[in-house]
Amino acid sequence: MAHGGGEEEEERVLSHGDVVLLRCDLTILRGPHFLNDRIIAFYLAHLAADHHDDDLLLLPPSVPYLLSNLPDPASVAAVADPLRLASRRLVLLPVNDNPDVSHAEGGSHWTLLVLDNSNAVSGPRFVHHDSLPPTNLPSARRLAAVLRPLLPASAIPLIEGPTPRQTNGYDCGVFVLAVARAICNWWLTRARHSDSDSDWLEAVKREVNADSVKAMRTQLLQLIHTLIQNNTTTNQHSC
């Protein structure tokens with residue numbers, strides 16, 4: 001997957017949870033560039049920290065990619081068991097189309113697969129958000145097939161969720177993050193208001209478009225700079 005090269009030689013600019021962002025990641029965000037694993041993992045970790053909800057799980061790209069490429073069900077179960085997927089209401093899984101596990105910077109497209117167990121009436125389902133369909137559908141189906149044996153209802157359908165189309169060859173990762181943000185906002189609203197939308201699909205249609213995706217690159221840079229400044233201030237006060 002797209003990690004970005006020369007990590008050991010790159011200047012580290014921010015440690016956020018388990019994610020370390022490098023100077024080159026800021027250049028990627030300024031665009032026009034394909035997002036790498038670190039940036040996606042960073043923002044999903046930020047969303048997770050903002051929500052503090054055990055029913056909602058946002059996984060970094062490395063985990064679903066590992067699950068998709070493990071050699072046998074026992075290995076999958078060993079990795080997946082601590083995640084408690086069956087007990088979650090929503091699980092967000094970034095999907096990359098890298099076919100070569102030996103090539104860390106492989107892959108050319110990001111999408112988002114959601115394990116949705118939020119509706120007791122309709123039952124669980126997988127919802128796949130692809131801003132350039134059906135590019136990543138085979139990879140999403142592969143991941144869903146790996147996860148089904150871990151869940152109580154094995155016959156879980158996979159549907160394509162309505163997703164705004166990207167108009168270039170590099171913004172798929174930003175679309176993933178924008179969709180993830182819309183889902184988290186919907187989840188927060190749903191928890192507060194019983195009359196909110198029954199699922200997040202309308203929220204994605206409202207909140208995700210070419211303009212919001214373009215703005216999100218700037219918003220991510222602003223967020224990173226704010227966190228860097230906060231860390232610097234904290235370190236100064238601790239001296």
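A polar contact is a pair of N or O atoms within 3.5 Å, where, within protein, one atom must be able to donate a hydrogen and the other to accept it. The structure described here is a predicted model. The secondary structure of the protein comprises eight helices and seven strands. Its radius of gyration is 18 Å, close to the 18 Å that the globule rule gives for 239 residues, so the protein is as compact as a globular protein of that length.

**Overall form**

- Taken along the principal axes, the box filled by the C-alpha atoms of the protein is roughly 50 × 45 × 40 Å.
- Of the 239 residues of the protein, 47% count as buried.
- The accessible surface of the protein is about 11,500 Å², and 52% of this surface belongs to carbon and sulfur atoms.
- Among contacts in the protein with a separation of 6 or more, 67% are accounted for by residues 24 or more positions apart.

**Nonpolar cores**

- In soluble globular proteins, nonpolar side chains tend to be buried together.
- The largest nonpolar core here has 49 residues, and the members that touch the most others are Phe42, Leu90, Leu92 and Trp200.
- Helix α6 (residues 172-192) supplies the largest share of this core, with 13 residues.
- A second, separate core holds 21 residues, including Leu57, Leu83, Ala140 and Leu147.
- Beyond its neighbours within four places in sequence, leucine 90 is in contact with Asp55, Leu56, Leu57, Val114, Leu115, Asp116, Ile183, Trp186, Trp187 and Trp200.

**Helix α2**

- Helix α2 covers residues 37-51, and its 15 residues reach 21 Å from the first C-alpha to the last, close to the 21 Å expected at 1.5 Å a residue.
- Since 11 of the 15 residues of α2 are buried, the helix is largely enclosed by the rest of the structure.
- Just after α2, histidine 52 takes a positive phi of about 45°.

**Helix α3**

- In helix α3 (residues 62-69), the buried residues are Val63, Pro64, Tyr65, Leu67 and Ser68.
- These buried residues of α3 pack against α4 (73-80), β4 (90-96) and α5 (137-147).

**Leucine 177**

- Leucine 177 lies in helix α6, and its relative accessible area is 0%, so it is buried.
- Not counting residues up to four places away in sequence, leucine 177 touches Leu35, Ile39, Ile40, Tyr43, Leu44, Met216 and Leu220.
- Leucine 177 and asparagine 36 are 141 residues apart along the chain, and their C-alpha atoms are separated by 12 Å.

**Serine 118**

- Serine 118 lies in the loop between β5 (110-116) and β6 (125-129).
- Residues under 20% relative accessible area count as buried, and serine 118, at 3%, is therefore buried.
- The side chain of serine 118 makes a polar contact of 2.6 Å with the side chain of aspartate 116.
- Leaving out residues up to four places away in sequence, serine 118 touches Arg89, Trp186, Trp187 and Arg190.

Key. Residues are numbered from 1 along each chain as its sequence is written. This is a predicted model: local features need pLDDT of at least 70, side-chain atom pairs count only at pLDDT 80 or more; totals for chains, interfaces and linings use all residues. Side-chain values use heavy atoms; hydrogens and water are left out. A nonpolar core is a set of buried Ala, Val, Leu, Ile, Met, Phe, Trp, Tyr and Cys residues joined through side-chain atoms within 4.5 Å. Buried means under 20% relative accessible area, exposed over 50%, partly exposed in between (1.4 Å probe, protein chains only). Helices (H or I, at least four residues) and strands (E, at least two) are DSSP runs, numbered from the N terminus. Contact means heavy atoms within 4.5 Å. The radius of gyration is taken over C-alpha atoms; the globule rule is 2.2 Å times the number of residues to the power 0.38. Accessible areas come from the Shrake-Rupley method with a 1.4 Å probe; for residues, only the protein chains shown count as cover. The expected span of a helix is 1.5 Å times one less than its number of residues.
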